[in-house]
Amino acid sequence: MSTYRDLAHRSSRATVLRTVGTRERRSHLSAPRVPTVGIDIGGTKVMAGVVDADGTILEHLRTETPDKSKSPKVVEDTIVELVLDLSDRHDVHAVGIGAAGWVDAERSRVLFAPHLAWRDEPLRDALASRLAVPVMVDNDANTAAWAEWRFGAGRGEDHLVMITLGTGIGGAILEDGRVKRGKYGVAGEFGHMQVVPGGHRCPCGNRGCWEQYSSGNALVREARELAAADSPVAHDIIERVKGNVREITGPLITELAREGDPMCVELFQDIGQWLGVGIANLAAALDPSCFVVGGGVSAADDLLIAPARDAFRRQLTGRGYRPEARIVKAQLGPEAGMVGAADLARLVARRFRRANRRRAERHERYERYAQAIRNTRTDPEQEPQS
């Protein structure tokens with residue numbers, strides 16, 4: 001009997017996770033209002049948090065991402081430790097993972113993660129076998145976009161595109177309340193659209209990718225090149241890092257730009273213009289009503305968004321004769337991926353709870369019948385009750 005229950009448990013969970021993506025829009029309205037854990041895994045940090053049904057973070061933890069040279073199990077161990085730690089203080093019903101990498105259409109395997117040693121890694125099943133709750137895996141940009149649609153800047157939008165500007169550029173598409181993941185699960189990799197043929201070499205292997213001109217890496221690369229050349233326009237930033245060019249970072253450039261440093265302001269104008277060019281291309285292909293710009297670089301606010309809007313209006317196909325999509329900054333900040341992963345996991349929790357309830361009802365009926373049989377054996381005059 002125990003073997004049958006174990007097999008049924010695994011089978012129903014697999015079915016639940018395969019079908020969850022087909023009914024996201026209506027499902028989130030009736031998903032159980034239970035706390036779930038969201039995990040956001042990036043190249044430098046792992047953030048975990050307990051999130052309620054209104055998108056409120058009840059508690060969150062953060063730790064450094066294990067070095068990518070280490071085995072995938074090391075990252076798994078880190079995730080499990082965070083979940084178990086949070087489970088000590090909260091009644092957790094499901095876990096959602098937002099991973100910086102390509103996740104297959106079944107949301108089961110991480111096909112490739114540029115900052116981790118994950119290559120066709122069966123992350124969902126590996127974690128589900130170690131945790132007593134269902135697990136969902138998705139791309140981190142998808143989870144961030146879902147959070148902004150549910151709780152942030154994208155509320156009320158039926159056609160939304162999210163662009164995440166960090167080390168590179170990620171993205172996600174939502175139409176009619178559903179994340180569009182593509183046939184193989186890897187839609188939304190906007191950062192690798194080619195915008196400059198033969199341009200800067202990208203780690204993906206190609207040249208001229210969009211993220212080489214509008215991302216955190218692009219911002220830092222340009223500032224360091226000017227500083228290394230001892231350009232007069234870089235005097236302030238050279239002085240700030242005492243001549244150590246390697247200490248120039250995105251947050252430092254943002255800080256100086258806010259203080260009015262001309263070079264840093266100009267750098268944001270440059271990457272903002274490239275951002276607008278890419279958004280115009282996406283508008284021609286997808287025609288959304290709203291672009292939400294998130295990620296660490298978006299912390300520069302209008303230093304980045306204003307030039308992006310200007311370039312978008314100049315580059316938009318059919319400009320002047322078509323409605324223009326809004327370009328807005330994300331509202332949920334660096335926690336968006338974690339919140340979205342937790343909320344998507346809540347959809348899995350509902351179906352999983354239903355399956356558990358049905359199994360419990362079947363088991364209860366079986367136990368009643370088995371007890372009747374035992375009673376009959378001790379009292380031959382009784383007959384088993386069906």
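Tutor: The model is predicted, and the count of aromatic pairs in it comes to four. In one of them, the ring centres of tryptophan 102 and phenylalanine 112 lie 6.2 Å apart with the planes at 65 degrees, and because planes over 60 degrees apart count as edge-to-face, this pair is edge-to-face. The pair joins distant parts of the chain, since tryptophan 102 belongs to strand S5 (residues 102–103) and phenylalanine 112 to strand S6 (residues 110–112), ten residues apart. Tryptophan 102 is partly exposed, at a relative accessible area of 37%, and phenylalanine 112 is likewise partly exposed, at 33%.

Another pair is formed by phenylalanine 291 and phenylalanine 312, whose ring centres are 6.2 Å apart and whose planes meet at 65 degrees, so that this pair, too, is edge-to-face.

As for the helix, H6 (residues 216–228) has 13 residues and reaches 18 Å from its first C-alpha to its last, close to the 18 Å expected. Its buried residues include Leu219, Val220, Arg221 and Arg224, and what covers the buried residues of H6 includes helix H7 (235–240), helix H8 (250–258) and helix H9 (262–286). Just after H6, aspartate 230 adopts a positive phi of about 55 degrees.

Definitions and conventions: Residues are numbered from 1 along each chain as its sequence is written. This is a predicted model: local features need pLDDT of at least 70, side-chain atom pairs count only at pLDDT 80 or more; totals for chains, interfaces and linings use all residues. Side-chain values use heavy atoms; hydrogens and water are left out. Helices (H or I, at least four residues) and strands (E, at least two) are DSSP runs, numbered from the N terminus. The expected span of a helix is 1.5 Å times one less than its number of residues. Buried means under 20% relative accessible area, exposed over 50%, partly exposed in between (1.4 Å probe, protein chains only). Contact means heavy atoms within 4.5 Å. Rings of Phe, Tyr and Trp (its six-membered ring) pair if their centres lie within 6.5 Å; planes under 30 degrees apart count as stacked, over 60 as edge-to-face and the rest as tilted.
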